[in-house]
Amino acid sequence: MLRMTLPSERPMISTGHGSCRVAIIGGGFAGASLARQLAIAEDWDDQQITVFEPRASLGAGLAYDTADPALRLNVEASRMRAIPGEPDAFVRWLELSGTKEADPGSQVGSGSIYARRSDFGRFMAERMQPPLDRGIVRHVQERVEKITRSGPRWRVTGNRGTEIVADIVVVATSHPKPKAPGMIAQALNGHPRFITDPSRTDLLAHISPDERVFVLGAGLTAFDVVASLRSRGHTGRIVAFSRYGLLPQPQVGGALAPTGSFVNPSATSAPGLLRRVRLAIAEAERSGLPWQSVFDALRQQGQTIWQALPYQEQARFLRHLRRRFETHRYRMPPQVADLIAQNMRNGSLIARAGRICRVERAPDAISIDLIVKPDGVVERQSFEWVVVATGPDHTAAIGSQPYLAELDRQGILKADEHGLGIACDRESRAIGLDGHPTEGLFIAGPLARGTFGELTGVPEIAAQCEQIARRIIETVNGCRPGCRPMMHHS
Ligand SMILES: Cc1cc2nc3c(=O)[nH]c(=O)nc-3n(C[C@H](O)[C@H](O)[C@H](O)COP(=O)(O)OP(=O)(O)OC[C@H]3O[C@@H](n4cnc5c(N)ncnc54)[C@H](O)[C@@H]3O)c2cc1C
């Protein structure tokens, strides 16, 4: 049996609750994927990988921990390459588990499968079961409140008192809650018909079929809210409101090969990149291919493209191109796109862009004045409900988590310069206030986007976690990168 060896047999510090090699904070897709990859890459003693996750299961997180059958994956099942080395694992699972058969609505005309998000959550939970059963991975169902240095190690404290001392800590608490714009938040704070967390589908269930709903946001999260309401028989008027009125584009059916090359050499400016994308789209269309295939290539090459752009050009991209890019990159599954198109045609769903200039609580409705683009006309509208669906507020990634805010205060980590998440190097090690990587502290998942660029979808996160797992194994074995892990047989 293979066992890992410490460079110098460091005594395990005994606290009330024990110690472990790796503590992962957050057991959504990123945290679970990392725990699983660590567990299968080496032979660990019991409970050496601890995942703190308040949810009941590991692997689902915000995106896939839902019981709502109306919420679907926004990419084709074959693209949900969650398990490195097993690209078709999810598609096979859908077949073998009978899930595909039980969900005929997952198949669209072209034969493509857009499965339910809850089913992907179930798939991940099943994949997590063996390392949990073997006792290698321990799931502590608590929220981490505090992390402090304990000599060369870390002391991690959960909200129900569990305390673990770990050699290595991985931050994987990606998605903060959405944030309502100031005026609406101030006016409606505490209002019983103001839903600030759209993932609470139990709250959406209180909306009666004919009630009017104001949805703040017009992106994928907002249209998920529409799909969820309509599937519950809601027929009332919905207004989806955003500042710019850019709506997410639909997926196209069928298996598309990514088209276009944006690397070798990569663009070195944001306008240069835009020019190349336009040329690639024109070329694809001449060959009868949809623009979506070009955005699939952009996604595939996204990390190389991002890393080749100088800092100023990355900032320029975020300032001028990000919104348009995202509406083409993050697309609606065909089932949701069809529903949205139909609702817009029959006028039950209206997309509006502009600014909110007045919000008033009336006894039986919420009255909102909108300055509507493009004419600047003021519209007064009344709604029974307001739902915040602006998507996770990543600018609040550190501030919304007391444990991260404290690490930030101590200079152990810091926000990345673009405000996309937490600063880290290309080995995913957190960068401290002094500009140096903090040993033993890693950032997994979309919080590391400032460094990597494209790091939102499942395949990219799985690949990042594979790299982090490799690096952790080298670290706990006392190796520097590139040397072979020290192991012996026992
Ligand atoms: C609504 C939605 C739909 C998506 N759909 C797709 C898709 O179809 N295809 C695709 O490829 N990608 C999709 N994505 C993108 C993607 O898969 C996610 O970005 C991915 O879920 C990121 O996982 P994560 O574990 O990093 O973050 P999260 O899902 O945010 O997980 C973080 C976990 O940390 C826990 N946590 C938070 N604070 C603490 C704390 N203090 N202590 C302990 N635990 C804590 C939370 O409970 C949560 O479970 C979607 C994303 C979202 C938000």
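Hi everyone, and thanks for coming. Please keep in mind that we are looking at a predicted model.

Let's begin with the aromatic rings. A pair of rings is described by the distance of the centres and the angle of the planes. Searching the whole structure turns up 13 aromatic pairs. One of them joins Phe90 and Phe120 in an edge-to-face arrangement, with 5.1 Å centre to centre and 80° between the planes. Phe90 sits in helix α3 and Phe120 in helix α5, 30 residues apart, so this pair links distant parts of the chain.

My next pair is Phe295 with Phe325, which is tilted: 5.9 Å centre to centre and 35° between the planes. Phe295 belongs to helix α10 and Phe325 to helix α12, so the pair ties together parts that are 30 residues apart in sequence. Phe295 counts as buried, at 8% relative accessibility.

Back to Phe90 and Phe120 for a moment: ring pairs link them with Phe29, Tyr64, Trp93 and Phe123 into a cluster.

Now for the cysteines. How many disulfides does the model have? The count comes to zero. Take Cys465, which is in no disulfide: the nearest cysteine sulfur belongs to Cys424 and is 12 Å away. Cys465 is buried, because its relative accessibility is 0%. Cys357, on the other hand, is partly exposed, with a relative accessible area of 31%.

Terms used: Residues are numbered from 1 along each chain as its sequence is written. This is a predicted model: local features need pLDDT of at least 70, side-chain atom pairs count only at pLDDT 80 or more; totals for chains, interfaces and linings use all residues. Side-chain values use heavy atoms; hydrogens and water are left out. Rings of Phe, Tyr and Trp (its six-membered ring) pair if their centres lie within 6.5 Å; planes under 30 degrees apart count as stacked, over 60 as edge-to-face and the rest as tilted. Helices (H or I, at least four residues) and strands (E, at least two) are DSSP runs, numbered from the N terminus. Buried means under 20% relative accessible area, exposed over 50%, partly exposed in between (1.4 Å probe, protein chains only). A disulfide is a pair of cysteine sulfur atoms within 2.5 Å.
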